[in-house]
Amino acid sequence: MTLRLLFAEIRSAVQKISAELGYPVVEFDVSEASKSDFGDVSCNIGFLLAKPLKKRPSEISESIAKIYRDNMTNFVSQVNVHPSGYLNFVANNSSLAKNIIKSSTSNNYGGYDLGKGTKTVVEHTSVNPNKALHIGHVRNIIIGDTVARILRKANYDVNVLNYVDDSGLQVADIIVGFLYGGFSKEPPHGQKFDHYCGDVVYVSITERYEKEKPLAEKRVLVLKELEEGKSDIAKFGDEITRQVLEEQLKTCWRLGVTYDCLNFESQIIRSSLWKTVFEKMKSMGITYLENEGKNTGCWVIKSDSEVEEDKILVRSNGIATYIAKDIPYAAWKLGILDDPFYYKQYMVQKNHQVLWQTTLENTGTKIDFTGDKVITIIDSRQSRLQKIITKIISEFKSTNKSYLHLGYESVTLSPDTAKTLNLETGGKSVQMSGRKGVYVNADYVLDILGVKTYEETKKRNPDLDEVSLVKIAEQVAVGALRYAMIKQDLDKIITFDLTESLSLEGDTGPYVQYAHARAIRILEKASKMPEFDISLDILSTVYEKNLVKTIGKFDIQVEDSAKNLSPKIIARYCYDLAVSFNSFYEHAKVLTAESPEMINSRLCLVWSFKETLAKALSLLGIDAPDRM
RNA sequence: CUCCCUGUAGCUUAAUGGAUAAAGCAAAAGCCUUCUAAGCUUUUGAUACAGGUUCGAUUCCUGUCAGGGAGGCCA
């Protein structure tokens, strides 16, 4: 039993009593009390019945409390009415502690069957393979990866996709750089290839377009070759993009992010998908050939609003626009179309998960990567386009399959950090731009974080060997970055500041990880497993009760987070757990407690805490180190 | 001009329409011969403005102001 069940029990009891009293049926809340002074659980039924019954909320709550007290159940020890009108309940401490701690020993603790096995696609990352991942991409990746982990915990059957735009303009740019711009294919002195392509080739070639006309002409040519995919240029492009992609993936793996399948845009273009979708859209009247006005000769999607312009799908020269790549892909993800792809293994990732890739060659392997629910993680600057895609998709199929754009605000650079890139912003934060070279690479951030965490760890643990130190430092660095990217609301802009990102105190990943390391240390020193099959009555201080209750909230948080696609709820939960534990740690001694019974009871609690925290952190993709 | 997002303490953030608005950072003070001080205790300090709906609004609605983003036969 967890808090969920306590709430459910109270709810049904209140419902029953309210019915017995002849009160009208209302949708009331049973939730955690906002302050422990009020009790453990609160119910607002008094407020809701005040109007229909023409009575004061406290009067109504009292009438329910009176009957409740006469039929007290196991899990509730007190029923109180607050003068404000709330109906408050105090939980029976010993049964609550015992049940929560016992539940938390289960492997799937915190799991909640919201998804009922629904096949779900989560697409994230999808960075052009012409540059290294920067801190803005990291937000996308971490949101996507965390959402996927949370949905799996809530029993969705999730496939994670990474869309590789290997035939777009940005890729064409670096190919121009290599073929016509005089750039060597070999990066200087061991620079990572993706960094080289992005920081050097891409940035300088886009700069040169303005002055060197012939280069700009080559760009158009290369783009065309990439789309057609037959020439030597296309082959060369394929080679380069795959090399960049591999380096990008290394960064993702470093962050603890894995995928199920890589979808190559070039193959979507060369497959039959677009043709099928285009015909379908024609026959359904979603798109039509414009024969008047400025869009004459284009296939357009009519806008349903007066002010918005129609969207061009196919240019008057017959070449499709980028939205024409997104629609078939979206339709494919939902499994609306026959799958033209075969799948071959790209590699086996560190967590033993196989990473597949699409191929048009008949390899005989067919796998279903589609879903009834599709979640696409793209920053909210693309909301308008995603809205159009969502609308078109909804017209394709009248089933309850759903396409969802999960948007988030961008990451900007703080004035100070911009200054380190020789950019004077006049005290304002600045949008990142790959083209202009205004960004901070993810690897770089992880590296400097790693140096800092290495020093800290070494200082605190002089006895640890080099391998362990490096491992812990990397775990903490990743934890710090992932936590920073996920802890705030999706629609808040993150202003990234290099100096601030090195902070390891307070509301940060390392703070949470540290609580885990402390708990592990206690359990190690106790040198024996606690005995769980005992009464836990003596866990009666406010610190112990708070910790127990927080542990008992796990599945509620998972449900909330999955239902609202809000990963920060889990970050907040991890933080709450750590705060409760640290407070307990400072105020209640475990190994030197007054009696063997107390030592054992507290050990149970510590064990339960570290199990729960590790599971919650794993939903954030953050490792829980044993030492720090 | 139109549409979208955001406005909470000096800074970064939290709060299914509920009770005395919660944290972290920064600043000030204290706590390590006792399970790791990446920690814990104190102190100072906030809902942009004006209306509305409600028993009750940081939350919902309208307007104003401020900041950011989007509106290409670019992606």
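Visitor: Which domains does the domain assignment of chain A give?
Guide: This is a predicted model. The assignment for chain A gives domain 1 (3-91), domain 2 (119-272 + 329-413) and domain 3 (273-328).

Visitor: What makes up the contact between domain 2 and domain 3?
Guide: The centres of domain 2 and domain 3, taken over C-alpha atoms, are separated by 24 Å. Domain 2 puts 26 residues into the contact and domain 3 puts in 19 residues. About 1,900 Å² is buried between domain 2 and domain 3, and carbon and sulfur atoms give 65% of that area.

Visitor: Why is an area quoted for an interface?
Guide: The size of an interface is often given as the accessible area lost when the parts come together.

Visitor: Why is Thr125 called buried?
Guide: Buried means under 20% relative accessible area. Thr125 has 7%, and therefore Thr125 counts as buried.

Visitor: Where is Thr125, and what is Thr125 in contact with?
Guide: Thr125 sits in the loop between β5 (119-123) and α5 (135-153). Leaving aside neighbours within four places in sequence, Thr125 is in contact with Asn140, Ile141, Asn162 and Tyr259.

Visitor: What makes the pair Thr125 and His124 a polar contact?
Guide: The side chains of Thr125 and His124 make this contact at 2.8 Å. The cut-off is 3.5 Å, and residues adjacent in sequence count only if both atoms are side-chain atoms. The pair is therefore a polar contact, made side chain to side chain.

Visitor: Why is Lys235 called exposed?
Guide: Exposed means over 50% relative accessible area. Lys235, in helix α9 (residues 232-254), has 56%, so Lys235 is exposed.

Visitor: Which residues are the closest to RNA strand B?
Guide: The closest are Asp29, Ser42, Tyr86, Arg460 and Tyr514, out of 61 residues that surround RNA strand B.

Visitor: Which element gives the largest share of the surface near RNA strand B?
Guide: That is α18, with 8 residues.

Note on methods
Residues are numbered from 1 along each chain as its sequence is written. Chains are lettered from A and ligands numbered from 1 in the order in which they are written. This is a predicted model: local features need pLDDT of at least 70, side-chain atom pairs count only at pLDDT 80 or more; totals for chains, interfaces and linings use all residues. Side-chain values use heavy atoms; hydrogens and water are left out. A residue is near a molecule or strand if one of its heavy atoms lies within 4 Å of it. Helices (H or I, at least four residues) and strands (E, at least two) are DSSP runs, numbered from the N terminus. Buried means under 20% relative accessible area, exposed over 50%, partly exposed in between (1.4 Å probe, protein chains only). Domain bounds come from an automatic or database domain assignment. Contact means heavy atoms within 4.5 Å. Buried area is the accessible area (1.4 Å probe) that two parts lose on being put together, summed over both. A polar contact is a pair of N or O atoms within 3.5 Å; within protein, one must be able to donate a hydrogen and the other to accept it, and residues adjacent in sequence count only if both atoms are side-chain atoms.
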